[in-house]
Amino acid sequence: MDKYIGEFLNGYAGYFQYLRDEILHPSWHNYFYWLLGLSLVVWSLEILFPWRKNQGIIRHDFWLDAFYMFFNFFLFSLVAYNAVSGVVVVAFNDLLAQFGITNLVAIRVAALPVWTQLALLFVIRDFIQWNVHRLLHRVPWLWEFHKVHHSIEEMGFAGHLRYHWMETVVYRTIEYIPLAMIGFGIDDFFMVHIFALAIGHLNHANIYLPLGPLKYVFNSPQMHLWHHAEELPEGTYGVNYGISLSLWDYLFGKAYIPSEDSGIKLGFQNMAQFPKTFWSQVTYPWIHKHERYPEQLETLAGRQPYSRPRAIRTRTAPRRKTPLGTGGRRGHETH
Ligand SMILES: [Zn+2]
Ligand SMILES: [Zn+2]
């Protein structure tokens, strides 16, 4: 147990030191200044070449998103994730050792050139994330967390990192085993993270980015805007799930760009009831659950859904026909 506590404290102290060093020592290998620099570059593009001409330079929720950006990129890791994930990895390896497994690596790519390894990680990770993103839309309790990202009403680069911190936990947890099974010969994937960060910023930016035939490979603002559309094709939980690459959406029939209209309505049904501030948004999935899933809770309690008093029903969100929604966009129903 002492080992796990030590790991937690090490993770905590180590990250605090790391964050301080990041801010105090600008360098080319520094996430803090890359985030700042990329944000300024993409914001300048939005100001110089706006796709929606009537959108403000400081758009609706700009500062909220700026806070999310800083929180998700740095503070959340500082507060808990880094320390807790260190403990979980040690505990997980100990558990595997109980079964005689001391090495997860199944495929070795260490002999390949560095750039090939970077490209491999980029593509494999993007495909895993595409699948996780689909789960966030498909599984009702995960969707409650992902709603934070879909509550963006006016799209802009800073919206890229508006998401609930639980998404970090879900993505990292699911990625961990498949990536640990690949034996990379390098452990510095800084470039991959920065490249993905740049693409994510651009996909959310208020700019028009025609990619020509490359649109079948890379995601774009025109494509990702439809991911955020309130209206979705009947019978789907979402479209255009791509994070950096659009390739998976084209390969698996999830691509949907009916027009290049920049002014489509964004969000999800009943968004007016969704909280507007940081704290109320991050606590939202855990509170007032009974108001969102009244029929499920009552069914669990052995009561019929229609036995709920009318007075209560008027205060609740419209009811779903099935636990997974009515087939459209999750009642209606990533990144
Ligand atoms: Zn999404
Ligand atoms: Zn998005």
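In which loop is the place of D61? D61 lies in the loop between α2 (31-48) and α3 (62-98), helices (H or I, at least four residues) being DSSP runs numbered from the N terminus. The model is predicted, so that local features need pLDDT of at least 70 and side-chain atom pairs count only at pLDDT 80 or more, while totals for chains, interfaces and linings use all residues. Residues are numbered from 1 along each chain as its sequence is written, and chains are lettered from A and ligands numbered from 1 in the order in which they are written.

Although D61 is not a glycine, its phi is positive, at about 70 degrees. Most residues other than glycine have a negative phi. D61 is partly exposed, with 19 other C-beta atoms within 10 Å; a residue is buried if 20 or more such atoms, placed from the backbone, lie within 10 Å of its own, exposed if 12 or fewer, and partly exposed in between. A positive phi, near 65 degrees, also occurs at N270, a residue other than glycine. N270 is located in the loop between α9 (247-251) and α10 (278-283) and counts as exposed, with 12 C-beta neighbours inside 10 Å.

Helix α4 (residues 114-138) packs with helix α7 (residues 190-204) at an angle of about 45 degrees, the axes being 9 Å apart. Axes are lines fitted to C-alpha atoms over the stretch in contact, and angles run from 0 to 180 degrees between N-to-C directions. This angle makes α4 oblique to α7, where angles under 35 degrees count as roughly parallel, over 145 as roughly antiparallel, 65 to 115 as roughly perpendicular and the rest as oblique.

Technical notes:
Helix = DSSP H or I, 4+ residues; strand = E, 2+ residues; numbered from the N terminus.
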